[in-house]
Amino acid sequence: MKIKKILLSLLTFSTLSFAMDAFEIVTKVDTRDDGDNIISNMSMVLIDKANKQRVRSMRTFTKDFGVDTYKTIFFLAPSDVKNTAFLTFDYDDDNKDDDQWLYLPALKKTKRIASTDKSGSFMGSDFSYSDMTKPDLTDYNYKIVKEKKVGKHNTWIIERVPKTQAILDETGYKKSYLFVRQDNFVVVRAMHYLDDGKKKYMNVKKLEKIDGIWIATEIEMKTTKNKKRLHSTILQFNNVKLNQNLNENKFSVRQIEKGI
Amino acid sequence: MRWLFLALLATSSLTYADEFEDDLGGFEEESIAIVEIEQIKERANQIKGSLKLSSSYNYAHNTPFVGQTDFRGLSRLKTTLDLSVDSKINDRWKSRLEVQAFYDAIYSLRDNTYTNDMIGTYESEVEIQEAYILGSISDSIDLKIGRQIVVWGKSDNIRLNDVINPLDNRELGMVDIEDLRLPVFMSKLDYYSGAWNLSAMIIHEARVQKEAANGSDYLPTHIFLKPNAIFPKDRTPDSTFKNSQYALSLNGRFTGWDLSFYGAKVLNSKWHFVNNKKSRTYDFVKMLGVASNIAIGNFLFTSELVYMKDLKFNTTKDEKERLDFLLGAEYSGITNLTASIELAQRHIFDYETSMVNAPDSVYKDERQTALRISYSFDHEKGMFTYLNTLFYNNSNINGGFQRVWLNYDLSDYVEINIGVVDYIGGDKVVLDALSDNDRFFADISYNF
């Protein structure tokens with residue numbers, strides 16, 4: 001009887017049938033209105049093993065141009081990186097590499113960045129470049145693992161596995177579990193498995209509805225190994241403004257060289 | 001048999017489920033209280049700066065003869081203060097003023113035979129760096145007037161098209177890259193249209209390189225001067241209307257690649273004797289150049305081509321023309337690591353064999369290579385860099401240097417930098433004479 005119970009629960013765990021399938025859910029996540037013409041102040045707190053903290057402050061501008069997303073990041077603090085600016089054209093087309101330029105005020109030079117490797121750390125944080133961009137849904141296989149409450153909200157836990165080694169190499173994640181809130185299709189938690197035995201935990205700590213759109217305004221990413229925290233990063237977004245009048249000039253090398 | 005299969009399935013699935021549930025525990029760890037984050041407010045005037053203490057230790061010089069300067073041992077105890085104010089005049093216009101001052105205590109602390117030229121060049125300095133106003137005349141035109149730096153070219157390590165600003169050449173291989181270019185006073189007009197930018201400059205200030213002190217370990221003039229000969233000070237041309245310099249560039253930025261065209265009449269970066277070798281000065285050169293880079297996957301490929309004319313030398317009577325070409329590649333496909341290599345070739349037309357003699361010391365064809373490897377670690381707190389740059393003639397090394405250093409952020413405000421530079425001798429006497437300048441260096445900076 002006991003074995004039967006266990007088997008039943010395991011079968012439930014692995015083959016739960018849901019009203020929506022996993023791909024439908026991630027499609028809903030991908031197509032959810034996440035705002036456009038956005039201006040925000042971003043603070044990045046880098047926390048090492050000994051809880052020593054470093055803070056980076058930035059001002060970000062984001063705009064969708066059709067299916068592509070353009071983003072400008074201006075560094076405000078600390079002093080040694082102030083006036084550094086980053087411009088990226090994130091193309092939806094998988095066959096087209098993103099365009100990226102970095103303005104280095106110490107050198108008075110704008111440098112093109114060529115890198116399709118998105119597994120690297122985003123500005124020294126626990127977030128990788130792949131965490132900061134939308135993935136191509138068709139690059140992965142999806143499976144609903146179970147349902148779970150996160151806070152007061154029901155979520156689907158979706159297993160995401162890259163279809164090819166190339167995608168794995170590009171992101172560094174061999175498997176991820178995404179916690180998708182059932183009421184608004186926001187990924188509020190994620191657990192990523194890396195090749196070197198490390199795990200990364202993403203946790204949305206603050207989710208706000210701004211102008212009718214759900215925006216994660218505080219996100220933690222924690223890197224662990226053997227259950228020990230190695231490093232973590234907290235991203236805070238303040239003064240988030242949507243639907244601003246951002247023209248194309250804001251997303252240009254001219255602008256990153258001139259500053260805000 | 002059926003039971004065995006079910007039991008195995010149960011066991012393996014149980015382990016999987018247990019592991020998964022166990023991993024989920026990672027979310028439950030108590031959050032760390034983060035420091036209070038100061039929200040950056042937009043201010044009309046923003047001040048930033050740094051205070052740096054730097055030192056170096058020379059370990060390869062020979063024992064000097066009596067009466068000669070002893071370059072061995074501790075050679076720098078320098079304090080540098082850099083202050084800049086960025087002001088927002090209104091929504092369209094802003095300004096910047098940067099002042100830098102340094103004092104090197106080694107020249108008063110060491111009992112040594114430093115010459116007045118050495119003390120004047122290296123002991124102290126107060127100088128206005130960048131000082132400009134920048135604004136938009138219209139949606140597509142910007143104007144920038146004042147002392148400023150304009151970087152031309154796409155390469156990071158070898159300068160071919162980068163002719164607008166003179167350099168601080170007082171200590172080859174030791175000057176921080178951010179201090180290497182000297183700002184000059186100019187009026188710069190930029191016109192933007194789609195992917196293109198046309199930039200026109202009139203350079204009002206006739207500013208030349210800062211050269212090493214006569215007789216110092218970076219300019220051992222005895223190698224090309226007769227005994228007791230006087231090495232005259234270099235003379236900067238007057239900043240008159242007649243001496244204005246002109247520069248024009250056209251820059252395009254496209255999906256995956258960039259392209260720039262350059263043309264200029266600027267002061268030569270190298271001096272020549274005038275007035276029967278009683279003085280030295282700098283004359284104008286004309287140049288045309290093109291540079292491009294292409295991003296393919298994790299590679300960034302760079303190429304540059306420059307044609308220069310009106311180059312004056314000390315060992316020939318007529319002016320010469322030169323063609324420079326560069327190819328480079330940078331690879332960023334390994335996490336935290338960037339490696340780049342650049343190769344440049346310089347060809348002098350109508351070359352005369354006398355030009356190999358000092359002080360020109362140039363060959364008909366010269367090559368330069370630069371290899372740079374940078375590795376960041378500890379969440380970008382630290383950066384380890386190796387740079388190797390070598391000059392070649394047709395068959396041999398002319399000279400060069402390799403430098404390795406470690407930069408580490410102790411906090412958001414304090415960073416340290418330690419390293420070693422190794423000078424490599426070769427066929428070119430002016431470079432070979434630097435080969436015993438090897439030194440360790442260390443500095444600590446407070447950024448505010």
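Analyst: One term before we start: two residues count as in contact if their C-beta atoms, placed from the backbone, lie within 7 Å. Keep in mind that this is a predicted model.

Let's look at helix α2 of chain A, which covers residues 22-31. Its buried residues are A:A22, A:I25, A:V26 and A:V29. Looking down the axis of α2(A), you'd find these buried residues within an arc of 90 degrees, so they line one face of the helix. And what do the buried residues of α2(A) pack against? Four strands of chain A: β7 (140-150), β8 (153-162), β9 (173-181) and β10 (187-194).

Chain A averages a pLDDT of 90, and 93% of its residues score at least 70. The stretch to watch is residues 6-15 of chain A, where pLDDT stays under 50. The model does give that stretch 11 contacts beyond four places in sequence. Still, where pLDDT is low, the predicted coordinates should not be read in detail. Chain B averages 92, with 95% of its residues at 70 or above. For the complex, the predictor gives an ipTM of 0.90 and a pTM of 0.90.

As for how the chains meet, 44 residues of chain B are in contact with 54 residues of chain A. On the chain B side, the elements giving two or more residues are α1 (2-24), α4 (177-180), β15 (284-296), β16 (299-311) and β17 (320-334). The largest share, six residues, comes from α1(B). By type, that side of chain B divides into 20 nonpolar, 15 polar and nine charged residues.

Definitions and conventions: Residues are numbered from 1 along each chain as its sequence is written. Chains are lettered from A and ligands numbered from 1 in the order in which they are written. This is a predicted model: local features need pLDDT of at least 70, side-chain atom pairs count only at pLDDT 80 or more; totals for chains, interfaces and linings use all residues. pLDDT is the predictor's confidence in each residue, from 0 to 100. A residue is buried if 20 or more other C-beta atoms lie within 10 Å of its own, exposed if 12 or fewer, and partly exposed in between; C-beta atoms are placed from the backbone. The arc is that of the directions from the helix axis to the C-beta atoms. Ala, Val, Leu, Ile, Met, Phe, Trp, Tyr, Cys and Pro count as nonpolar, Asp, Glu, Lys and Arg as charged, and the others, Gly among them, as polar.
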